[in-house]
Amino acid sequence: MYLIKVNSYQEMSDKAADILFDVITSKERPVIGLATGSTPEGTYKALSDKLNSSTVDQSKITTFNLDEYVGLDRNHNQSYAYYMNENFFNHVSIPEENINLLNGKAADEEEEVKSYEEKIDEQGLDIQLLGIGRNGHIAFNEPGTSFDSLTHAVELTEETIEDNSRFFDDKESVPSRALSMGLKSIMKAKKILILINGENKKEALSELLNGVVTEENPASILNNHPDVTIIADSAAIGE
Ligand code: F6R
């Protein structure tokens with residue numbers, strides 16, 4: 001694993017956008033895996049600016065998102081589809097048919113997750129962008145998730161519901177389930193870029209770096225991937 005230390009959120013976002021942009025420009029038909037949450041918002045701003053001021057043919061870009069809440073319509077302002085439109089897709093010209101998002105309102109959940117995984121296999125992820133939860137979750141893979149998991153339906157933990165309630169009117173409004181790429185799905189990406197900022201992620205970062213690979217810490221699986229870059233700020237790194 002390669003660790004890039006930065007001093008600010010802006011620096012993290014700019015570096016992340018540079019790495020994503022380099023992957024995009026190095027491929028004929030780049031396939032990029034995307035995440036939501038507070039962490040990558042600045043990255044999407046920086047990346048859309050970079051793409052729009054370049055000659056990159058955005059019609060060649062394909063995206064896959066990590067996860068979506070079960071039960072939220074894609075127009076719901078807390079759905080991850082809505083987040084992606086607001087933060088990225090509305091600002092770039094990636095064709096709609098190249099954008100892959102899990103449908104949290106799919107009538108047949110099993111079919112939804114199975115066909116999503118098949119699409120990932122067909123297209124292959126050139127890079128996967130990740131954030132991390134305080135408990136080490138990546139995507140919605142909570143502690144205890146099998147390292148062999150493919151795209152699947154998950155029950156959210158109390159801690160994650162609590163953390164995400166800041167975006168909802170109250171805790172009760174946070175969905176209790178989600179559809180998520182699995183740990184094995186994420187590991188299929190050729191390259192992984194994980195962003196970790198803020199003091200509240202300090203423990204998650206140190207647990208990732210201590211090298212102990214255990215299903216109790218989902219992010220620890222990244223120690224088994226050959227090409228992982230972590231960008232972390234000084235608050236998360238600490239002393
Ligand atoms: C979102 C996702 C989650 C977040 C994590 C951190 O697509 O997969 O694993 O990356 O919950 O969220 P923030 O960035 O809001 O701290």
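Which strand does N100 lie in? You'll find N100 in β5, residues 99–100; strands here are DSSP runs of type E with at least two residues, and helices are runs of H or I with at least four, both numbered from the N terminus.

Before you zoom in, note that this is a predicted model, where local features need pLDDT of at least 70, side-chain atom pairs count only at pLDDT 80 or more, and totals for chains, interfaces and linings use all residues. Residue numbers start from 1 along each chain as its sequence is written.

**View 1. N100 and its surroundings.** Leaving out residues up to four places away in sequence, N100 touches T63, F64, N65 and K119; contact means C-beta atoms, placed from the backbone, within 7 Å. F64 is 36 residues away along the chain, yet its C-alpha atom is 4.6 Å from that of N100.

**View 2. An open sheet of three strands.** The order is β4-β8-β7, with antiparallel pairing (a pair needs at least two DSSP bridges). β4 (67–69) and β7 (152–155) each have a single partner strand, so one side of each has no neighbour in the sheet.

**View 3. Where β7 meets β8.** β7 pairs with β8 (residues 177–180) in the antiparallel sense, over four bridges. Look for E155, whose bridge partner in β8 is R177.

Key
Contact = placed C-beta atoms within 7 Å.
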